[in-house]
Amino acid sequence: MKYRIASIKGDGIGPEIVTQAQKVLNSVGEKYGHEFEFVELLMGGCSIDVNGVPLTEETIETAKSCDAVLMGSIGGDTRTSPWYKLEPSKRPEAGLLGIRKALKLFANLRPAYLYPELKEACPLKEEVAAKGFDMMMMRELTGGLYFGERYTKEIDGVMTAVDTLTYNENEIRRIAIKAFDIAMKRRKKVTLVDKANVLDSSRLWRKVTEEVAADYPEVEFLVMLVDNCAMQLVKDPAQFDVVLTENMFGDILSDEASMITGSIGMLPSASLNETKFGLYEPSGGSAPDIAGKNIANPIATILSAAMMLRYSFDLDREADAIEEAVKKVLREGYRTIDIAKSGEPQVKCDEMGDLIAERI
Ligand code: NAD
């Protein structure tokens, strides 16, 4: 089968890490008989340099015409780069917000997995880390408090700020269905995280998600209050499979879940819309401090490519092959600078790409 992938390498380490993911995808293509065509597109700082804006209509339209988007990262050093002298709507990050909106990406997926070989980087107690964990944080991306009506004004002589949190049942149902579909590809357990003891919006999340759960009798459905979830993530993260939650709770909890894995260079992510289309990118930024040195860890981007195969193309066997190859190189002791312990030998970004591609 042939797949067209929009490739947005972006800024900083973006080109280095996406090139490694493309290398691994080509190796998957050779082994399993697929063809991956990469359509290179500009976005972020590199687009400002060429087009004067961080995102063009042409980039949006071409991305839409592809089967999925693979992205590196965008942005530069926010203190020194001339991109940050521009008004906020012309800066690199505006490109990312713009493309998420144009592609209607409403479900953000961030797996948090503890590799046994990297257990020492996990900040949790040894007995907790020893059990390992493998969860999928699923955050609603386009509704809730961050998109509600807001204002600050003087009311009866007192400055007052208002933010509103709104969800409708359709916004909840479409992501709940995705969460249960994804659970079916995993350990078949969904935990809805909310604040239903206080918030009306959370009570609607529970009602609609319960209705969706009824269509998935094989999937265990649990609910948990967000304050408890924040504690359980550090006390017993092994209990979670798919964690489904609204925008702001997800913003906070997905960073907490990332932190307990111990390494930013290992964390992939996906943002999906109502179809199979998605944008896949590492959770980290453009790391301007190490850009151009060929030392960045490409694993998060390579694992993002694996997510693309699994969730956009339904190529589960091929996605497994990438994830197994990553585990293998770690077991064999290969480390990039960010995950090496002091004194341990380090491989470069392109060497890590080669090692993983060879093990497909
Ligand atoms: P960052 O994630 O780029 O870097 C934080 C630290 O992690 C740095 O020390 C960096 O060297 C390290 N790091 C990140 N990815 C790594 C990798 N793959 N391998 C090894 N080390 C890695 O965060 P920041 O410094 O706060 O932001 C830098 C730029 O990235 C900013 O312009 C910011 O706006 C942008 N950013 C972009 C995205 C995105 O494209 N989605 C996300 C976050 C930040």
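Predicted model: local features only at pLDDT ≥ 70, side-chain atom pairs only at ≥ 80, totals over all residues.
Local features need pLDDT of at least 70, side-chain atom pairs count only at pLDDT 80 or more, and totals for chains, interfaces and linings use all residues. Residues are numbered from 1 along each chain as its sequence is written, and side-chain values use heavy atoms, with hydrogens and water left out.

Q: Which residues come nearest to the ligand?
A: The shell around the ligand holds 23 residues. A residue is near if one of its heavy atoms lies within 4 Å of the molecule. Those that come nearest are Gly-76, Glu-93, Gly-285, Ala-287 and Asn-297.

Q: How do the residues of the ligand shell divide into nonpolar, polar and charged?
A: Ala, Val, Leu, Ile, Met, Phe, Trp, Tyr, Cys and Pro count as nonpolar; Asp, Glu, Lys and Arg count as charged; the others, Gly among them, are polar. On that basis the shell has 10 nonpolar, nine polar and four charged residues.

Q: Which polar side-chain atom lies 2.9 Å from an oxygen atom of the ligand?
A: A polar contact is a pair of N or O atoms within 3.5 Å; within protein, one must be able to donate a hydrogen and the other to accept it, and residues adjacent in sequence count only if both atoms are side-chain atoms. Ile-74 places a backbone N or O atom 2.9 Å from a ligand oxygen. Tyr-84 has a side-chain N or O atom 3.0 Å from a ligand oxygen. The side-chain atom at 2.9 Å belongs to Asp-289.

Q: What share of the ligand's exposed area does the protein bury?
A: Accessible areas come from the Shrake-Rupley method with a 1.4 Å probe; for residues, only the protein chains shown count as cover. Alone, the ligand exposes 810 Å². The protein buries 68% of that.

Q: Is Gly-10 buried or exposed?
A: Gly-10 sits in strand β1 (residues 2-10). Contact means heavy atoms within 4.5 Å. Beyond four places in sequence, Gly-10 touches Pro-15, Met-43, Cys-46, Ser-73 and Ile-74. With a relative accessible area of 11%, Gly-10 is buried.

Q: Which backbone oxygen does the side chain of Ser-269 reach?
A: Ser-269 lies in strand β11 (residues 268-272). At 4% relative accessibility, Ser-269 is buried. Its side chain reaches, at 2.8 Å, the backbone oxygen of Glu-281.

Q: What is the relative accessible area of Lys-104?
A: Lys-104 lies in the loop between α4 and β4 (107-113). Lys-104 is not a glycine, yet has a positive phi of about 55°. Lys-104 is exposed, and its relative accessible area is 62%.

Technical notes. Helix = DSSP H or I, 4+ residues; strand = E, 2+ residues; numbered from the N terminus. Buried < 20%, exposed > 50% of the residue type's maximum accessible area, 1.4 Å probe, protein only.
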